[in-house]
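Let's take a walk through a protein together, stopping at a handful of residues along the way. Have the sequence and the 3D view ready.

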Amino acid sequence: MSKSCEFGMIGPLDESISCFLIRLDPSVLVPITFRGLHALAFRGLHVLAFRGLHVLTFRGLHALAFVGLHAFTFRGQHVLTFRGLHVLAIRGLHALTFRGLHVLAFRGSCTFTFRRLHVLASRGLHVLASRGLHVLAFRGLHALTSRGLHVLASRGLHVLAFRGLHALTSRGLHVLAFTGLHVLTFRGLHVLAFRGLHVLTFRGLHTLIFRGLHVLTFRGLHVLTFRGLHALAVRGLHVLAFKGRHVFNFRVLHTLAFGGLRVLAFRGLHICTLREFKVLCP
């Protein structure tokens with residue numbers, strides 16, 4: 001062994017190159033070249049190159065390059081690139097891109113994009129968008145839109161809209177609207193409206209309105225009106241009025257009025273009056 005190798009070898013290498021790997025003073029620049037291998041060490045700086053491989057380290061900085069692969073680290077910062085793949089990590093921030101795929105994460109927030117798909121998640125908030133489809137979720141609130149369809153759900157409230165159709169439900173309340181049709185139900189109340197037709201029902205009360213026809217029923221009471229015709233029925237009482245004609249029935253009492261004609265019938269008694277003419281039939 002030559003005199004220049006007296007400081008001692010680092011490892012058990014071949015004797016022909018062992019004299020280059022020696023411990024010297026840090027202030028001494030030590031360049032090495034051997035069969036395509038290039039190495040340099042100087043005051044904490046270490047550089048190595050061998051057949052496309054390049055490595056560098058200096059005071060916490062580490063860099064590597066090899067056949068399209070590039071890596072870099074420095075004080076908690078990490079960067080890597082390889083054939084279209086790019087990765088970055090720095091103080092809680094993480095980013096990745098690869099062939100149209102993009103991913104980012106930072107302090108609990110994450111974003112993801114791939115071709116036309118976009119996703120975000122952050123502290124309970126989740127958002128997705130893809131080719132006209134949009135979805136959102138946040139603390140019990142859920143929303144979706146897609147090609148004219150809109151849906152929302154939040155703490156018992158549900159809303160839907162699609163091409164003129166609108167629907168809502170919330171704690172027993174149900175509402176629907178579609179091309180002139182409107183329907184509502186709530187705790188026994190039912191309402192329907194469609195092209196002039198209106199129907200309502202509530203705890204025994206029923207009403208109907210359609211083109212001049214009005215109908216009401218409530219606990220034995222029945223009322224009807226239609227183009228001058230009026231009818232009422234309740235507990236044995238029946239009343240009808242139509243264009244000056246009036247009919248009244250109550251249990252065994254019957255009356256009729258028409259023009260100047262008046263007729264009354266009650267338990268075998270019949271009374272008829274026609275202007276000045278009167279007829280009594282006991």
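Start with leucine 141. Leaving aside residues up to four places away in sequence, leucine 141 touches Leu136, Leu152, Ala153 and Ser154. Keep in mind as you look that this is a predicted model. Where does leucine 141 sit? Leucine 141 belongs to strand β15, which covers residues 141-146.

Next, move along to valine 239, which you will find in strand β27, residues 237-242. Which residues does valine 239 touch, not counting residues up to four places away in sequence? The answer is His230, Ala231, Leu232, Val247 and Phe248. Valine 239 has a relative accessible area of 30%, and therefore it is partly exposed. Here, too, you can compare sequence with space: valine 239 and asparagine 249 are separated by 10 residues in sequence and by 6.4 Å from C-alpha to C-alpha.

Let's now look at the surface. Val252, Phe266, Leu269 and Ile271 form a nonpolar patch there, and together these four residues have about 270 Å² of accessible area. One of them, phenylalanine 266, lies in strand β30, made of residues 261-266. Phenylalanine 266 counts as partly exposed because its relative accessibility is 34%.

For the last stop, turn to two arginines in loops. Arginine 163 is located in the loop between β17 (157-162) and β18 (165-170). What is its phi angle? Phi of arginine 163 is near 45°, a positive value in a residue other than glycine. With a relative accessible area of 67%, arginine 163 is exposed, since exposed means over 50%.

Arginine 195 is in the loop that lies between β21 (189-194) and β22 (197-202). Phi of arginine 195 is near 50°, again a positive value in a residue other than glycine. Is arginine 195 buried or exposed? Arginine 195 is exposed, because its relative accessible area is 62%.

How values were computed
Residues are numbered from 1 along each chain as its sequence is written. This is a predicted model: local features need pLDDT of at least 70, side-chain atom pairs count only at pLDDT 80 or more; totals for chains, interfaces and linings use all residues. Side-chain values use heavy atoms; hydrogens and water are left out. Patches are made of residues with over 30% relative accessible area and no salt bridge: like charges are joined within 9 Å, nonpolar side chains (Val, Leu, Ile, Met, Phe, Trp, Tyr) within 5 Å. Accessible areas come from the Shrake-Rupley method with a 1.4 Å probe; for residues, only the protein chains shown count as cover. A salt bridge is a side-chain nitrogen of Lys or Arg within 4 Å of a carboxyl oxygen of Asp or Glu. Helices (H or I, at least four residues) and strands (E, at least two) are DSSP runs, numbered from the N terminus. Buried means under 20% relative accessible area, exposed over 50%, partly exposed in between (1.4 Å probe, protein chains only). Contact means heavy atoms within 4.5 Å.
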